[in-house]
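Okay, thanks for coming, everyone.

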Amino acid sequence: MDDEKIIGKTTPQWMPVNIVEEIVIEKVKIAAAELGGCGCDICMSDAAALALNEVSPRYVTTRKGALLQSIDSASYESLTEILVSVTKAVMKVMENPRHKT
């Protein structure tokens, strides 16, 4: 069996990964920088969560810990939808940040 013991739990070597999540996180960082948004963990996480709730997930199977370098986000058919959702999410967080100023 290709399982590995981690902190008392068995974790498979292969696992499903939401590739949209990887793309959204990358695009949130870019959009926040371009729009002058805050780059703190709270704002980045809030914007990513808002955007992810607006787009459909797309799962692929990958090795645990493997980088998704083989995924070309430009080839993903819903990239426009992702970019719109990310932009709206970053702007919403900029208007109402949860962090202390």
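So α1 and α2 are oblique to each other, oblique being whatever is left once you take out under 35 degrees as roughly parallel, over 145 as roughly antiparallel and 65 to 115 as roughly perpendicular. This is a predicted model, where local features need pLDDT of at least 70, side-chain atom pairs count only at pLDDT 80 or more, and totals for chains, interfaces and linings use all residues. Residues are numbered from 1 along each chain as its sequence is written, and side-chain values use heavy atoms, with hydrogens and water left out.

The helices here are DSSP runs of H or I, at least four residues, and strands are runs of E, at least two, numbered from the N terminus. Helix α1 covers residues 19–35 and α2 covers 41–52; they pack at about 130 degrees with axes 9 Å apart. Those axes are lines fitted to C-alpha atoms over the stretch in contact, with angles from 0 to 180 degrees between N-to-C directions.

Which residues of α1 and α2 meet? From α1 you have V20, E21, V24, I25, V28, K29 and A32, and from α2 it's M44, A47, A48, A51 and L52, counting heavy atoms within 4.5 Å as contact. That set splits into 10 nonpolar, no polar and 2 charged.

Zooming out, the chain has 3 helices and 4 strands, in the order β-β-β-α-α-β-α. Of contacts between residues at least 6 apart in sequence, 79% join residues at least 24 apart. And 28% of the 101 residues are buried, meaning under 20% relative accessible area with a 1.4 Å probe, protein chains only.

Definitions and conventions: Buried < 20%, exposed > 50% of the residue type's maximum accessible area, 1.4 Å probe, protein only. Nonpolar A, V, L, I, M, F, W, Y, C, P; charged D, E, K, R; others polar.
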